[in-house]
Amino acid sequence: MTHSAFQQLRTYPVPALRLEFQEYRHIATGARHLHLAADDPHNAFMVAFLTVPQDSTGVAHILEHTSLCGSRRYPVRDPFFMMIRRSLNTFMNAFTSSDWTAYPFASQNKKDFNNLLDVYLDATFFPLLDERDFAQEGHRLEFATPTDPDTELVFKGVVFNEMKGALSSPVQRLGQALQQRIFPTITYHHNSGGDPEVIPDLTYQQLRAFHSRHYHPSNAIFLTYGDIPAAEHQAHFETKALADFQALALDLAIPDEQRYSAPITDLVYYPLDGAEDCCNKTHIVMSWLLGPITDPMASLRARLLSDVLLDNSSSPLRHALETSEYGAAPSPLCGFDASTRETTFSCGLEGSNPESADAVEQLIFSVLHQVAADGIAPEAVDSALHQLELSEREITGDGFPYGLRLLMEALTPAIHGGDPLPALDSDPLLAQLRTESRDPDFIPRLTRQLLLDNSHRVRLVMAPDPELSQQQAAAERERLATIRSALSATEQSRLVEQARILAERQQQQDDPELLPKVGLEDVPAELPIAEGVNRPVGTLPAAWYAQGTNGMVYLHAIFDLPVLNAEELDILPLFCACLSEVGSAGRDYRSTQARQAAVTGGINAKAAVRGGVDDVQQVKGVLTLGGKALARNQAALADLLWETWTSPRFDELPRLRELVAQMRSHREEAITHHGHALALAAATAGLSPVAALNQRWDGLTGLQRLKTLDDTLDDAEALAAFAARLAQLRDRLQPIPRQLLIVSETERQEVIAEALALHWREGAETLAAPFTLATPEPGPSRLGFSVNTQINFCAKAYPTVAPNHPDAPALHVLGDFLRNGYLHRAIREQGGAYGGGAGYHPDSGAFRFHSYRDPRLTETFADFDRALDWLQTHDHPARTLEEAILGLVAAIDKPGSPAGEAVSAFFGSLFGRTPAQRRAYRQRILNVTLADLKRVAATHLQPEQACCAALSNARTLAEQSDWVVIAV
C-alpha cells in the first residue's frame, strides 16, 4: 500500500539482497522516498539533503550540529544527545559529506524507531537554530576568562575545534588539498566541514539562510529499510513534516567541472611540529577526474580498472608503488573515489621527498603505458570481478547496521538525480562487465580513455614544514589581537554578556519529558546469542554455526599461544600482520596475493589476549588464522589457510622490508584519528597485564618500537635477523590448531567438512605451559605524548574489578551516568571538545575517562574529578539512572552481521564470556541502583591510584610541569 500523499513510481525485487526496492514521490513537494522492504526487524531511516556550500566556512557542517539543538515540537536544548539516553537505538548520528548532509538512525524496537523518527523529522525541517547554539556548536569570540575583558581573546566552538583536529591529520589535509585542485570551480573546491581559518567568517544569518534554501522537502530524500511498511513511514513523514510544505523550485544541482586543457602540478605544505629531519615525509599523489556517478556502468568500469591496477600486491600499479625506492608506502588516497558527483581516481606514494615528484609520475605512467600496450592477464580481471561480486554478496553490520549501509549505497547516486537501483542490484551490471572484459583490449582501452588520454589531471606534492604550525598559531593570535584592539568598551561588555548568556543556557535544565522515550519495560527479556554445535573434523574439535550468510563461508583456525619471552611477544603482532602478506606453498608473495584475490575475500591472522572474568591478572591468549569466501570457493579457502600456516615465505626479505614500512606509515597517519584510544591505552597500561600488552602492541609504545625497527631494516643483516625471528616464532607456535570455527548456511556444512578434512583433521596436544603475562610495573601517574596536533586527547584511568565482581555492572552503568549528566555538558558544550565520556573496561578491570579533539588539557582533567564530586554531592532523578541503563543495554543488545554474531559468541565463550555469563551480567546491569553508583565510585575510584595520559603538542605539554613527556 501507498499513503495517499505519495505516488508509487516503481517496485523491483532484489533477490541477491533478499529485499524489494520501492520508490515513491511525495505529490505536493516532490520529495523522494526510497524504501527497501526486507524481512528484518532491524529498521533503519535516513533523510538526506543535497548541500552545496560555496565557501569553507563549514556552514553545512555547523548546520548539521545546530539543527540537532532543539526544534518546534521538542524545544529542549539538546534533543539529540537526550534521545541517545532515552532510546534503544543501534545507531544514531548525522553526517556532513562534501555535497550532502544526512541524518540516519536504526533501531530494533518499533516504538523506539517511531520516537526517533518524530525527533529527526522535527529537527531537520523545524529546527530552532538558536543563536546561542550556533555560538556553541560553530564558533564564537570569547575572552580566555569569559568574565574578564582584560584577558586575551580566543576562538571557541565545537566544530571549530573538531576541524582543527581533523586537519591535524596529514592525510586529511592531503585529501582536501587534492580535491580543491581537481575541482577548481564548483562546490567540491571548498571544505564542507570547514577550514578553521575561515569558519569564524560565517554569520548566524548565513546559517539560517542555508537551512531555508537546502533543508526543504523538495531537496530531500527519505530512505528506509526493514519490515515496517512504506505506507507507515509515509504517514509519519506527512503528518509530522511534509504537510507544512509546498513544492519549491530549487536549482542546487552540481554542474560538471570545467575540464583542464592540460594537467597541473602544485606544491603545498603541512605542519610537522619540531621535526629536525623532514626527509621521507612528503606525499606525492596524482589524481584524475572521471565521469558522473549517475552513469552506473561507467562507474563500475572505472572501479574495475582501479581494482585491477591497485587491489593487492600482485596488481601492477600497487606492486610498482610498494616496491618503489621513491617512497615508504602507497598513498592512503590510492583508488577509485565515488564520493563526489564526478568520480576520481588517485594513486601515489607517502614517505617520499619533493625532488622525487617527477620520478614518481614517470613510474606511474610507465605502468599505465605498459598496461595499455600489453593488457592484463584474464585471471587478474576475473579476480577483480570476483572481489566486486563478493563485496555485493556479503551481509555486513558489525560496525554499522547493514540496512543503513544499503541506504548509504542508494543515496550516492540518488542525491544527484541518478537511479539508485543499480547500486543495490549490481548483478546485471556485473554480468555485462564480465562480457565486456572478455575483450583483450578492454582494460587497455579503459586505461587510455580514463587515464592516459585524460588531461584533467593533478599532481600534488605535500611536503612537511616544521614552522607552519607555529605560523598558523601566530596568525590566529594576530587576527584575534587585531579584533581585540578594535573593540570598544561596549563591545567588550557585549562579549562578556554573550558568554554569560551562553553559560546560563548550558546550565539550563530542560524538561526531558518533552521528548518521547522507551523505558526499561521495553527492554527485551532475553539477549539473543548465536548458538553453535561442536562436531569434530577427524579428531580436530570444530564449532559449527549455522547462520544466514547469503552464500558466504567463514573459516577460522584457533591456536593456543605458548609462553613467549619478551622478544617473541613484541614480534607477535608483526608476525600476524606479515603471515598472509608473504608467499606460501612455494609461491612468491605476488602469486599468493593473486590466489587469495581469486578465491577469497581475504585471509588474516590475529593474536587475541583477554583477562579473566574473575581475575583480570589471569590471562588467556590465542592466535587465529581466518578467512572468508563465496561458498563455491570454500575448499580453496581451506587449502589457502593451510598453506599460509604451514609454509609462509619469511625468506622474502624485500617484501618484509616493504611491509614494515607500510605498517609504520599507516600507524603514524592514524595518530590523530585514534588519539583518544591511544591516550586511554597509555593511561591504562600500568593497571593490568592485558592493558600493558595493548599499549605494547597497539599503543604509542608499540608505535615507537615499530619506528625503531623500521629505522634499522635498511641494513641487510638487520633485515635478515628480523626474518629469522619471524621464522623462529612460527616454529614456536603450534603446528596444528586446537580448534576450528566454521560459519555458513546449514546446507553447506557437509561439503565444508569434507574439504577441511583434507588438511585440518588432527587436534593439537595441550600445551605443557599455558600463555601468561607478568603483572605490569606502575608507570608515571601523568604521562604526555608529544605528537603533531593542534588539539588534545586526554585520558584518566583507575584500577577497579574483574567482570564477574559484584561491582562491575554498577561501574559499567556509572560511565554512561557520568557522561550523560556531567561530562557531556562540561567537556563538549562548555569546554568545546568534540567528545568526551567515561566507561568501565572489562578486559583491563579499569574505569576510564577520556576527551577527544579537545582544546583544553588541565581544565579537562579537573572536569573528570568534578564529575565524581557531582555524583556524590547532587541529588539525581530516578530517570537519569534509567537513561544510563538503557544506553548500556542498547549497546549490549546491538546486533552484528550473521557471521559477526557467530564469531562474537564463539570467542566470547572461549574467553569465559559464555552466553550464561553474558546474560547474567546484563541482568545485573538492569538491577543497578543509584546507591550502587555512589558506592562503587567511592570504593574504587581513588585519586591516589589514578593514572593520567594525554596526546598534545610540545608547546602545550611543556606547560605541564609535573608530567613526564615523551616525543612520538
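Helices (H or I, at least four residues) and strands (E, at least two) are DSSP runs, numbered from the N terminus. This is a predicted model: local features need pLDDT of at least 70, side-chain atom pairs count only at pLDDT 80 or more, and totals for chains, interfaces and linings use all residues. Residues are numbered from 1 along each chain as its sequence is written, and side-chain values use heavy atoms, with hydrogens and water left out.

**Stop 1: A937**

Select residues 930-940. This is helix α33, and A937 lies in it. Is A937 buried or exposed? A937 is buried (under 20% relative accessible area, with exposed over 50% and partly exposed in between; 1.4 Å probe, protein chains only). Its value is 6%. Now show L814, L871 and Q872. A937 is in contact with them (heavy atoms within 4.5 Å), leaving aside neighbours within four places in sequence.

**Stop 2: helix α30**

Select residues 878-893. Helix α30 has 16 residues and reaches 23 Å from first C-alpha to last, close to the expected 22 Å. Twelve of the 16 residues are buried, so α30 is largely enclosed by the rest of the structure. Among them are L881, I885 and V889. What covers the buried residues? The cover includes α2 (79-85), β5 (89-92), α28 (808-830), α32 (915-926) and α33.

**Stop 3: α24 and α25**

Select 689-697 for α24 and 700-712 for α25. The contact is made by Q695, R696 and W697 of α24 and L700, T701, G702 and R705 of α25.

Methods. Axes fitted to C-alpha atoms, helices over the stretch in contact; angles between N-to-C directions. Expected span 1.5 Å × (residues − 1).
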